[in-house]
Amino acid sequence: MSQKKTSGPENNENSAMDNSSVDISIVVPLYNEKESLPHLMKGISDTLLSCGKTFEVIFVDDGSTDGSFDELQSLHKTYGAQAKALRFSRNYGKSAALNAGIDHAAGSIIITMDADLQDDPTAIPEMVAKLEEGWDVVSGWKKVRHDPIGKTLPSKVWNIFTSMLCGLKLHDFNCGFKAYRSDAAKSLDIYGDRHRYLPALAHWDGFKVTETVVPHHPRKFGKSKFGAGRMFNGAMDMITLLFLKRYLKSPMHFFGLVGLILIFAGMGVLGYFGVMWALTGLMRIRPLTVLALGSMIMGIQFISIGLIGEMITHSQQTKREFSIREILE
């Protein structure tokens with residue numbers, strides 16, 4: 001797919017920066033957040049200019065239908081190269097948007113944050129300071145949340161559950177406000193709904209992960225784009241990630257083990273009935289006999305799945321799951 005590039009006038013003294021001079025890249029995935037965008041851009045600009053940091057903000061429009069990209073074009077004309085934008089051809093989800101934004105980030109530090117103004121840009125300097133202490137990933141912790149209990153209570157339970165499973169203790173895995181060293185961010189394989197577990201992925205890859213308390217504000221415009229189904233999706237994603245962590249390179253180790261257990265269990269039951277038949281001369285088809293045969297058949301199927309998984313592992317190629325319609329640089 002061809003990509004359209006447009007460039008706005010330089011109305012800001014720092015707008016003509018070269019990519020090599022960027023200290024911090026801010027990646028902002030968004031979907032129908034038109035009203036929030038100018039306030040967010042101003043907040044980021046005021047904060048980072050006061051720190052003397054060169055920066056770029058990469059907005060990723062995930063198929064918005066409310067005119068968000070028109071607002072991004074206006075911001076690009078005002079801020080020049082400090083306000084860049086990618087526009088997806090349709091809605092692909094937050095993971096795809098983060099992946100695209102991180103791919104295009106030129107800064108040695110990459111910050112991800114939401115576009116709904118609930119994340120406060122004034123927390124960025126503290127997160128950067130944490131990275132300068134030697135951490136690779138700093139995850140935001142919304143200690144005081146301005147969300148309904150229908151979101152906060154399940155989130156607390158899920159964070160405890162996730163910490164136990166992945167071996168990394170964080171209070172808020174799903175907070176979109178995070179800071180990364182560039183190499184840590186660009187090493188992450190982000191797709192599906194993996195954005196919920198980026199600190200865990202970085203931790204499993206050997207990067208040092210910590211967290212810091214960040215302010216959280218009530219939503220000013222629009223409404224949340226996430227429904228109750230995200231809890232189920234999150235559970236399925238965690239199971240998938242745990243499986244991939246252990247068995248991505250060797251699926252036969254899992255499927256083969258299960259298959260052998262089922263085969264030997266079936267053989268043991270059939271062997272018992274075989275001995276009884278030899279001793280008594282009586283042969284009856286019992287439900288347990290049928291279950292034993294089924295167990296052996298399932299065991300063979302599991303081993304076959306493991307072999308297929310091994311072949312896929314050796315032949316797989318990474319494929320992007322998003323397409324970009326326009327780029328503003």
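Me: How many salt bridges does the structure hold?
Reply: Five. Keep in mind that this is a predicted model.

Me: OK, let's pick one. What do the side chains of Glu132 and Lys53 do?
Reply: They meet in a salt bridge, at 4.0 Å from N to O. Glu132 lies in helix α4 (residues 124-132) and Lys53 in the loop between α1 (37-50) and β3 (55-61), so the pair ties together parts that are 79 residues apart in sequence.

Me: Is Glu132 buried or exposed?
Reply: Exposed, because its relative accessible area is 56% and the cut-off for exposed is over 50%.

Me: And where does Lys53 fall?
Reply: Lys53 counts as partly exposed, at 28% relative accessibility.

Me: Which residue does Lys84 meet in a salt bridge?
Reply: That's Glu56, with 2.8 Å from N to O between the two side chains. Lys84 sits in strand β4 (residues 83-88) and Glu56 in strand β3, so this pair ties together parts 28 residues apart in sequence.

Me: Are those two buried or exposed?
Reply: Lys84 is buried, and Glu56 is buried as well.

Me: What about Asp136, which partner does its side chain have?
Reply: Arg181, in a salt bridge of 3.6 Å, N to O. The pair links distant parts of the chain, 45 residues apart: Asp136 is in the loop between α4 and β6 (137-141), while Arg181 is in strand β7 (residues 178-181).

Me: So how covered is each of them?
Reply: Asp136 is buried, with a relative accessible area of 13%. Arg181 is partly exposed, with 29%.

Me: Let's switch to strands. How do β6 and β8 pair?
Reply: In the parallel sense, over five bridges. As one example, Val137 has Val209 in β8 as its bridge partner.

Me: How many of β8's residues are buried?
Reply: Four of its five, so strand β8 (residues 209-213) is mostly covered.

Me: Zooming out, how many helices and strands are there in the protein?
Reply: There are 10 helices and nine strands.

Me: And what share of the residues is buried?
Reply: Buried residues make up 47% of the 329 in the protein.

Me: What about contacts, how much comes from residues 24 or more positions apart?
Reply: Take the contacts with a separation of 6 or more: 83% of them are between residues 24 or more positions apart.

Me: Which residues make the nonpolar surface patch?
Reply: Trp277, Met283, Ile285 and Val290 make a patch of about 470 Å².

Me: Where is Ile285 found?
Reply: Ile285 is in the loop between α9 (252-280) and α10 (287-315). Ile285 is exposed too, with a relative accessible area of 67%.

Me: Last topic, cysteines. How many disulfides does the count come to?
Reply: Zero, going by the rule that a pair of cysteine sulfur atoms must be within 2.5 Å.

Notes
Residues numbered from 1 in each chain as written. Predicted model: local features only at pLDDT ≥ 70, side-chain atom pairs only at ≥ 80, totals over all residues. Heavy atoms only, no water. Helix = DSSP H or I, 4+ residues; strand = E, 2+ residues; numbered from the N terminus. Buried < 20%, exposed > 50% of the residue type's maximum accessible area, 1.4 Å probe, protein only. Contact = heavy atoms within 4.5 Å. Patch = residues over 30% accessible without salt bridge, like charges linked within 9 Å, V, L, I, M, F, W, Y side chains within 5 Å. Areas by Shrake-Rupley, 256 points an atom, 1.4 Å probe, with all protein chains shown as cover. Pairing = 2+ DSSP bridges.
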